[in-house]
Amino acid sequence: MIAETVCSAVSAAGLGIAAITAYRRRFLTATRIAAYALVPIGLVMTGVVEWLADTAFSPTAWAGFGVLGVAWVLFTTTRVVERRRGGTRKERRAARAAAQPEAVAPGASAPSLGQGSRPAARPAAAAPRGDEDFSDIEAILKKHGI
């Protein structure tokens, strides 16, 4: 008798937490919490907690199997939705952070979109060079049409 009371209290607390989580608009997490919360009461209703009871013909036991079925459907539904979205919240956040372009200096121009119809402007006459050789940088700039 005390086991049923404890399981009922755990289920009620879990459903309360699921309601609070749903209020915070985290519906997948709330659904998963609700599924976990239904398991103890489902086990009590099926007679697993008190196995010696008549489970074969008890309507309460069959209702418990129904509750366990609902919990299983909730679990699988959240998994399907999670896979469609592309993983867990942390994985999506990491993927979003990796997909963002790197910061560009404020004075930088937009990247070249390819060769236009007019020829690229040639750099001014060779400026006096210091000790450094910029031929490789000039080759890269010419390659990109800058």
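Guide: We begin with a definition: a salt bridge is a side-chain nitrogen of Lys or Arg within 4 Å of a carboxyl oxygen of Asp or Glu. In this model, which is predicted, the side chains of Glu82 and Arg32 meet in such a bridge, at 3.8 Å from N to O. The structure holds one salt bridge.

Visitor: Which helices does the pair of Glu82 and Arg32 link?

Guide: Glu82 lies in helix α3 and Arg32 in helix α2. The two residues are 50 apart, and the pair links distant parts of the chain.

Visitor: How far is Arg32 from Thr76, C-alpha to C-alpha?

Guide: The C-alpha atoms of Arg32 and Thr76 are 9.5 Å apart in space, while the residues are 44 apart in sequence. Gly69 lies in helix α3 and counts as partly exposed, at 30% relative accessibility.

Visitor: How many helices and how many strands are there in the chain?

Guide: The chain has five helices and zero strands. Along the sequence, the pattern reads α-α-α-α-α. As for burial, 16% of the 146 residues in the chain are buried.

Visitor: What should I read off for a pair of aromatic rings?

Guide: In general, the distance of the centres and the angle of the planes describe a pair of aromatic rings. In this structure there are two aromatic pairs. Tyr36 and Phe75 form one that is edge-to-face, with 4.9 Å centre to centre and 75° between the planes.

Visitor: Why does the pair of Tyr36 and Phe75 tie together parts that are 39 residues apart in sequence?

Guide: Tyr36 belongs to helix α2 (residues 27-46) and Phe75 to helix α3 (residues 59-85), so the pair ties together parts of the chain that are 39 residues apart. Tyr36 is exposed, with a relative accessible area of 53%, whereas Phe75 is partly exposed, at 23% relative accessibility.

Visitor: What can be said of Trp62 and Phe65?

Guide: Trp62 and Phe65 form an aromatic pair that is tilted, with 5.3 Å centre to centre and 45° between the planes. The label follows from the angle: planes under 30 degrees apart count as stacked, over 60 as edge-to-face and the rest as tilted. Both Trp62 and Phe65 lie in helix α3, three residues apart, which is about one turn of the helix. Trp62 is exposed at 52% relative accessibility, and Phe65 is partly exposed at 43%.

Visitor: How do I find empty space in a model?

Guide: The general idea is to roll a probe the size of a water molecule over the atoms, which shows where empty space is left. Here, the largest pocket has about 270 Å³ of space. Twelve residues line the largest pocket, and the closest to its centre are Leu28, Thr29, Arg85, Arg89 and Arg92.

Visitor: Which helix supplies the largest share of the lining of the largest pocket?

Guide: That is α2, with four residues. Helices α2, α3 and α4 each supply at least two residues of the lining.

Visitor: Which residues form a nonpolar patch on the surface?

Guide: Phe134, Ile137, Leu141 and Ile146 form the patch, and together they have about 360 Å² of accessible area. Phe134 is found in the loop between α4 (89-99) and α5 (135-143), and at 37% relative accessibility Phe134 is partly exposed.

Visitor: Which residue has a positive phi although it is not a glycine?

Guide: Arg25 does, with a phi of about 65°. Arg25 is located in the loop between α1 (2-23) and α2. With 66% relative accessibility, Arg25 counts as exposed.

Notes
Residues numbered from 1 in each chain as written. Predicted model: local features only at pLDDT ≥ 70, side-chain atom pairs only at ≥ 80, totals over all residues. Heavy atoms only, no water. Phe/Tyr/Trp six-rings, centres within 6.5 Å; stacked < 30°, edge-to-face > 60°. Buried < 20%, exposed > 50% of the residue type's maximum accessible area, 1.4 Å probe, protein only. Patch = residues over 30% accessible without salt bridge, like charges linked within 9 Å, V, L, I, M, F, W, Y side chains within 5 Å. Areas by Shrake-Rupley, 256 points an atom, 1.4 Å probe, with all protein chains shown as cover. 1 Å grid on protein atoms, 1.4 Å probe; cavity = no way out; pocket = protein on both sides within 12 Å on 5 of 7 lines; lining within 4 Å. Points joined across faces, edges and corners; volume = space filled by probe spheres on them.
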